[in-house]
Amino acid sequence: MAEPAFTQKEEGFRADNGRGEGRTIPGALTEKQRETLEELGREGLLERYRLMYMIRNFEQRSEQAYQQKKIGGFLHLYMGQEALGVGMLGAIGPRDYVVTSYRDHGVALALGLEPGPLMAELFGKETGISRGRGGSMHFFSKEKNFLGGHGIVGGQIPIGLGAAFTARYRAEGQVSLIFFGDGALQQGAFHEAANIASLWELPAIFIIENNRYGMGTSVERSSSVQDLTLKARGYNMEGVQVDGMNLLDCHALMKEAVASRRQNPRPLLVEARTYRFRGHSISDPATYRAREEVESYQRLDPLRQVRGLLEEMGWLNEQEARELEKKVRDEVLAAVRFADESPLPDPAGLGRYVYA
Amino acid sequence: METNHAPRPEETGSRPSAVGAMVEMTMREALNQAMVEEMERDENVFLIGEEVGSYNGAYKVSQGMLERFGSRRVVDAPISENAFTGLGVGAAMTGLRPIVEFMSFNFSLVAFDQIISNAAKTLYMSGGQFNVPMVMRGAGGPAAQVAAQHSHSLEGLFAHFPGLKVVMPSTPADAKGLLKTSIRDDNPVVFIENELLYGVSGPVPAGELLLPLGQAVIRSEGSDVTIIAHSRMNHVLRMALEEFSREGISVELIDPRTIKPLDVETLARSVRKTHRAVIVEEGHRFAGVGAQIADDLYTACFDYLDAPIARVTHTENPTPYASNLEQASLPSVAEVVKAARAVLYRG
């Protein structure tokens with residue numbers, strides 16, 4: 001009998017969207033992408049580029065602040081996945097529900113939350129969005145119906161299911177977006193929730209942010225199938241794949257998914273293929289990934305794609321781009337200053353928020 | 001609190017009292033009434049769990065509720081405790097007030113992540129933004145020969161975590177009044193019933209009944225020794241008070257009713273009077289609820305104690321199937337009598 005292949009060697013991934021250097025050329029767009037581009041228009045695309053750039057810069061600043069020991073604990077960065085968060089969350093309504101994992105900075109910023117209270121949360125300050133009680137993994141916003149960043153892999157999935165249940169219970173047409181990683185797909189929580197969502201026709205949109213690795217373990221080494229949408233079949237659910245590095249595709253997919261589910265509630269499984277440019281967390285140098293692999297994805301940098309598109313469309317010239325980017329960088333710097341200057345939580349308030 | 005909403009053990013049978021009419025009913029009927037009344041009152045309250053609807057509840061606690069409220073509000077869930085408990089957390093965060101039924105609290109272990117990491121912690125982690133008004137209820141404790149995996153007493157585990165409240169009624173009146181209050185509470189409440197008590201009858205005040213959480217009740221006044229017992233053990237001891245009288249022991253029997261918050265003041269006041277305490281529980285000894293109660297009592301009234309506090313608990317083994325072994329594992333009235341004699345130095 002052959003030795004069991006529990007530790008089989010993976011082949012490694014190579015990014016290829018067929019568009020070369022991560023510059024999205026209008027002429028090469030599909031008809032669907034052209035429609036999306038038209039729908040978003042200059043303003044829409046600029047706003048999304050601004051948010052994506054904000055996320056990238058916010059993460060760079062948090063990385064720095066971590067190295068300066070202004071941030072402690074865990075820090076899971078969103079760099080590389082900006083198109084996914086901004087594309088999808090830009091396509092929902094203000095009353096829809098959103099929940100995600102500990103990799104939550106990008107989602108929070110994409111929802112339009114101000115960087116100041118988010119950075120202050122990382123700094124453990126009273127002015128933080130969760131008053132310094134949550135930290136990097138636990139951003140929440142009642143105002144945005146953002147049900148949080150959660151620290152146990154897959155633990156947020158049943159919470160998102162509950163939000164979808166409320167939407168159905170009240171028949172108010174909301175949907176619930178449940179973000180989780182490829183690693184969480186292997187948790188029982190997903191499978192239980194998927195079955196219930198399908199059984200009760202709940203408007204739950206399960207979004208796998210497939211960045212190819214659950215910490216250091218590749219999808220090849222953790223999933224029985226490589227096409228993750230196949231998991232939907234067993235739950236009589238629609239499953240669809242999308243290029244998570246492509247803003248237009250992410251937007252279009254979610255726009256349509258949300259609209260049809262408001263009318264006719266039912267779940268959906270989305271596999272968004274993306275890539276994180278950093279390790280699993282700040283303490284992970286990600287040596288399990290070949291340099292060629294990382295570089296192949298960096299060539300698809302979603303920021304370069306969108307900026308390229310804006311330039312090609314004549315919607316943003318070099319000078320305007322530099323101004324926009326500088327403005328965002330200043331805003332993030334101001335957020336860092338705000339976080340730095342904010343007071344620490346008063347230890348006298350240690351027992352606040354334990355019980356309502 | 002000497003003000004006693006719950007009936008005294010001698011108050012059996014349905015007879016009117018000074019505060020109003022009493023209705024005789026079983027624990028299961030009282031729990032049912034509590035849920036029905038709260039669901040009538042508040043459209044946001046719903047019941048979800050295994051067999052709660054069409055089957056009318058594994059222990060018939062939700063009898064008739066599907067017919068009354070429909071499948072939107074009485075929801076039969078697949079055997080997926082982790083998902084439907086988490087669903088409750090998400091629903092509570094978005095404005096509903098779920099009652100999540102565990103057919104047995106033994107199955108809540110499958111949902112532990114949702115109860116501990118999510119239900120208990122969300123208000124805190126969100127800096128006060130999202131509270132989780134949900135009740136998790138069902139049968140707990142050892143029943144009769146259901147063996148190790150179906151005999152857990154988990155109250156000590158749940159009570160360990162800040163953010164949760166833990167309620168354990170031992171009479172129909174308390175069951176009704178405490179469940180209604182728990183449903184209205186803005187926090188996650190773990191409400192542990194007892195399978196062997198579902199069929200026990202008792203008088204329940206007619207009309208609206210709300211009992212505050214965190215109030216112990218003195219079941220029987222006495223002067224020699226304070227006996228503290230919750231859930232079924234309180235019922236068992238209440239039925240066995242004569243055995244203590246025969247021994248010439250005047251027992252003050254107290255039911256904490258809620259493990260968390262714990263009404264330390266009522267317990268301590270009694271111990272300051274009797275100078276002796278015995279704590280009884282069906283859970284294991286090590287890190288059990290009684291260890292916490294003893295610690296609170298030592299802190300509150302060390303100088304009043306004439307003997308070390310005694311504890312009578314489940315023995316330190318998984319609950320066995322064989323009836324004689326099971327009996328040997330669980331606290332018995334005889335053991336409690338023995339412990340009472342011991343703290344009175346009557347060997």
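Q: Two strands pair if DSSP finds at least two bridges between them; how many bridges join strand 5 of chain B to strand 7 of chain B?
A: The model is a predicted one, in which local features require pLDDT of at least 70, side-chain atom pairs count only at pLDDT 80 or more, and totals for chains, interfaces and linings use all residues. Residue numbers start from 1 along each chain as its sequence is written, while chains are lettered from A and ligands numbered from 1 in the order in which they are written. Strands are DSSP runs of E with at least two residues and helices are runs of H or I with at least four, both numbered from the N terminus. Strand 5 (residues 135–140) of chain B runs parallel to strand 7 of chain B, and the number of bridges joining them is 6.

Q: Which residues stand opposite V189(B) in strand 7 of chain B?
A: Strand 6 of chain B is also joined to strand 7 of chain B, through 3 bridges in parallel.
A: The model is a predicted one, in which local features require pLDDT of at least 70, side-chain atom pairs count only at pLDDT 80 or more, and totals for chains, interfaces and linings use all residues. Residue numbers start from 1 along each chain as its sequence is written, while chains are lettered from A and ligands numbered from 1 in the order in which they are written. Strands are DSSP runs of E with at least two residues and helices are runs of H or I with at least four, both numbered from the N terminus. Strand 5 (residues 135–140) of chain B runs parallel to strand 7 of chain B, and the number of bridges joining them is 6.

Q: Which residues stand opposite V189(B) in strand 7 of chain B?
A: Strand 6 of chain B is also joined to strand 7 of chain B, by 3 bridges in parallel. The residues opposite V189(B) are V135(B) and K165(B).

Q: Which residues point the other way from V189(B), F191(B) and E193(B) in strand 7 of chain B?
A: A residue is buried if 20 or more other C-beta atoms lie within 10 Å of its own, exposed if 12 or fewer, and partly exposed in between, with C-beta atoms placed from the backbone. Strand 7 of chain B is mostly covered, with 6 of its 6 residues buried. In a regular strand the side chains alternate between the two faces of the sheet. The residues that point the other way, also buried, are V190(B), I192(B) and N194(B).

Q: Why is strand 4 of chain B largely enclosed by the rest of the structure?
A: Strand 4 of chain B runs parallel to strand 2 (residues 45–49) of chain B, with 5 bridges, and parallel to strand 5 of chain B, likewise with 5 bridges. E101(B) in strand 4 has G49(B) opposite and R137(B) in strand 5 as a bridge partner. Strand 4 (residues 97–104) of chain B is largely enclosed because, of its 8 residues, the number buried is 7.

Q: How many nonpolar residues has the side of domain 1 of chain B that touches domain 2 of chain B?
A: The domain assignment, automatic or from a database, gives domain 1 (22–205) and domain 2 (217–343) of chain B. Residues are in contact if their C-beta atoms, placed from the backbone, lie within 7 Å, and each of the two domains of chain B gives 24 residues to the contact. Nonpolar covers Ala, Val, Leu, Ile, Met, Phe, Trp, Tyr, Cys and Pro, charged covers Asp, Glu, Lys and Arg, and the others, Gly among them, are polar. Beside 7 polar and 3 charged residues on the domain 1 side, the nonpolar number is 14.

Q: Which element gives the most to the side of chain A that touches chain B?
A: The contact takes 33 residues from chain A and 34 residues from chain B. Strand 2 (146–149), helix 5 (157–170) and helix 6 (188–199) of chain A each give two or more residues to the chain A side. With 9 residues, the element that gives the most is helix 5 of chain A.

Q: What radius of gyration has chain B?
A: Chain B has 13 helices and 14 strands, and 57% of its 347 residues are buried. The radius of gyration is taken over C-alpha atoms, and the globule rule is 2.2 Å times the number of residues to the power 0.38. A compact globule of 347 residues would have a value near 20 Å, which agrees with that of chain B, 20 Å.

Note on methods: Pairing = 2+ DSSP bridges.
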